[in-house]
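Have the model open as you read.

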Amino acid sequence: MAKKAARVVLDGEAIRRALTRITHEILEKNQGTDHLALVGIHTRGVDLSRRLAAKLEEEEGVKIPCGEIDITLYRDDVGRKRTRPEVRGTHIPFSVDDTRIVLVDDVFYTGRTIRAAMDALIDFGRPRSIQLAVLVDRGHRELPIRPDYVGKNLPTARSEHVHVRLSEREGTDEVVIE
Amino acid sequence: MFTQRHFLGIAGLTQEELLFLLDTAESFREISEREVKKVPTLRGKTIINLFYESSTRTRTSFEIAAKRLSADAINITASASSVTKGETLLDTARNLVAMRPAAIVIRHPSSGAPHFLARLVDCPVINAGDGTHEHPTQALLDLLTIRERKGSIAGLTVAIVGDVLHSRVARSNMLALTTLGAQVRLIGPRTLLPAEFRSWGVELHTDLRQGLAGADVVMALRLQRERQARNFFPSTEEYSRRFGISLAALAEAKPDVLIMHPGPMNRGVEIDSTVADGPYSVILDQVTNGVAVRMAILYLLTTQTQEVVEVEPTVRDEAAA
């Protein structure tokens with residue numbers, strides 16, 4: 001498989017704008033911040049959920065509860081892949097009962113990660129609703145799951161790789177396809 | 001990373017591997033604090049607990065760990081099995097393997113029994129205590145408890161007090177603690193303090209107060225009467241007077257000393273109730289952490305893929321026959 005040249009599809013400014021738009025969409029859909037909470041999926045979903053929380057606070061002056069979730073133990077391919085994923089720990093410092101939860105991840109692909117994350121969340125209680133925000137929807141879903149908030153729809157081939165780089169980890173904000 | 005097929009002992013583990021195991025165990029601790037204390041990871045897998053020695057904590061802990069990972073846990077105790085009819089460990093193991101478990105957890109009075117088993121079966125074997133040799137999951141849960149309270153292991157002074165000679169807990173802990181950079185002191189009567197341990201880089205003390213001076217952590221060991229073939233000290237009373245952990249003796253240790261005991265405790269013999277139930281005791285934290293450690297070990301060993309695993313084909317054919 002010949003590697004295509006890397007192409008930047010979102011730069012720092014575009015990511016910032018996309019997150020600002022998602023912030024407004026979340027507020028609009030939920031009519032404010034009542035019962036709202038964010039849960040980021042390890043690793044970059046956690047970074048993105050913190051950015052969204054900061055923007056929501058800027059906008060509404062309210063601190064939104066933030067949690068993080070590691071889906072390793074809920075994967076449907078445990079023992080099937082060559083590498084055994086590292087378990088990174090789940091931390092949800094609020095009751096999920098009756099909460100409107102916005103799950104946050106960087107890339108939406110097959111939907112299997114989100115399925116696992118929903119299973120994990122429901123083990124913590126009964127949320128009023130679960131919504132999904134992603135920075136990039138690259139298509140190829142394999143389960144009947146669709147994001148509520150999308151930073152950018154990015155049609156891809158399965159052979160392509162989508163890399164999300166965030167300043168919290170990589171020192172720069174960009175989404176690259178190769 | 002941790003790529004071993006079996007978990008037989010602390011011996012041979014690197015600092016990096018030990019820290020990885022502790023980090024993994026730490027992420028499992030949260031599951032036991034949830035309302036639903038269960039994750040689906042090992043659904044459809046069977047864990048066999050094969051116990052040739054009595055145990056409350058370790059067996060229950062492994063069973064709970066397996067169940068919280070959604071595995072099916074089967075307990076076999078030697079006293080209620082075909083072992084009493086004369087079946088050998090090898091035959092028992094082959095029959096169990098033929099039932100396709102994902103892992104076998106074994107406790108055995110003979111040192112090396114898990115290692116013997118590991119050579120003969122084609123599933124991961126976990127040592128839950130073998131004779132006077134090792135009890136590696138106990139050492140991990142002790143390290144996790146210390147790290148939780150003290151932040152790190154390196155640089156701490158840890159006093160292990162009592163029947164060192166017969167203690168697999170002491171051996172595993174000594175190895176783990178020194179690998180992670182702690183200073184270990186062994187304290188006990190000369191008859192229960194093998195001089196060769198000096199070569200492991202630990203201090204030996206026959207005076208309790210001297211040994212406890214400035215200690216960050218004190219681990220009391222159970223007096224293992226069932227393994228003492230002869231008399232190692234004149235009387236239990238004298239032993240208790242000289243080596244029992246009392247509040248008075250603890251005055252020598254650091255003011256924020258941690259008190260640990262692997263259980264079961266002989267109250268009034270190796271540890272006073274005032275100490276065991278006192279503010280510095282983390283004995284019940286050890287038990288809680290035990291579940292997290294065993295979940296981590298079960299997870300790491302049973303989710304290895306077939307590509308990683310090497311199986312001796314002849315043994316597998318035999319076991320399946």
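**Helices, sheet and rings**

Q: Why are α2(B) and α11(B) called oblique to each other?
A: Their axes cross at roughly 55°, and angles under 35 degrees count as roughly parallel, over 145 as roughly antiparallel, 65 to 115 as roughly perpendicular and the rest as oblique. α2(B) and α11(B) are therefore oblique. The axes, which are lines fitted to C-alpha atoms over the stretch in contact, with angles from 0 to 180 degrees between N-to-C directions, come within 8 Å.

A word on the basis: this is a predicted model, where local features need pLDDT of at least 70 and side-chain atom pairs pLDDT 80 or more, while totals for chains, interfaces and linings use all residues. Residues are numbered from 1 along each chain as written, chains are lettered from A and ligands numbered from 1 in the order written, and side-chain values use heavy atoms, leaving out hydrogens and water.

Q: Which residues of α2(B) and α11(B) meet?
A: Contact means heavy atoms within 4.5 Å. Among the residues that meet are B:F62 and B:I64 in α2(B), and B:V291 and B:L298 in α11(B). The residues of this contact divide into 8 nonpolar, 3 polar and 3 charged.

Q: What makes α1(A) oblique to α2(A)?
A: Helix α1 (residues 12–30) and helix α2 (residues 44–60) of chain A pack at an angle of about 60°, with their axes 10 Å apart. That angle makes α1(A) oblique to α2(A). Their crossing is right-handed, the word for a near helix turned clockwise from the far one by less than a right angle (anticlockwise is left-handed).

Q: How do you know that β5 and β8 of chain B pair?
A: Two strands pair if DSSP finds at least two bridges between them. Strands β5 (residues 157–161) and β8 (residues 217–220) of chain B have 4 bridges, in the parallel sense, so they meet the rule. Within this pair, B:A159 stands opposite B:V218. The open sheet runs β7-β6-β5-β8-β9 in chain B.

Q: Why do β7 and β9 of chain B count as edge strands?
A: Each pairs on one side only.

Q: What makes B:F28 and B:Y299 a tilted aromatic pair?
A: Rings of Phe, Tyr and Trp (its six-membered ring) pair if their centres lie within 6.5 Å; planes under 30 degrees apart count as stacked, over 60 as edge-to-face and the rest as tilted. B:F28 and B:Y299 are 5.6 Å centre to centre with 50° between the planes, hence tilted. B:F28 lies in α1 and B:Y299 in α11 of chain B, so the pair ties together parts 271 residues apart in sequence.

Key
Helix = DSSP H or I, 4+ residues; strand = E, 2+ residues; numbered from the N terminus. Nonpolar A, V, L, I, M, F, W, Y, C, P; charged D, E, K, R; others polar.
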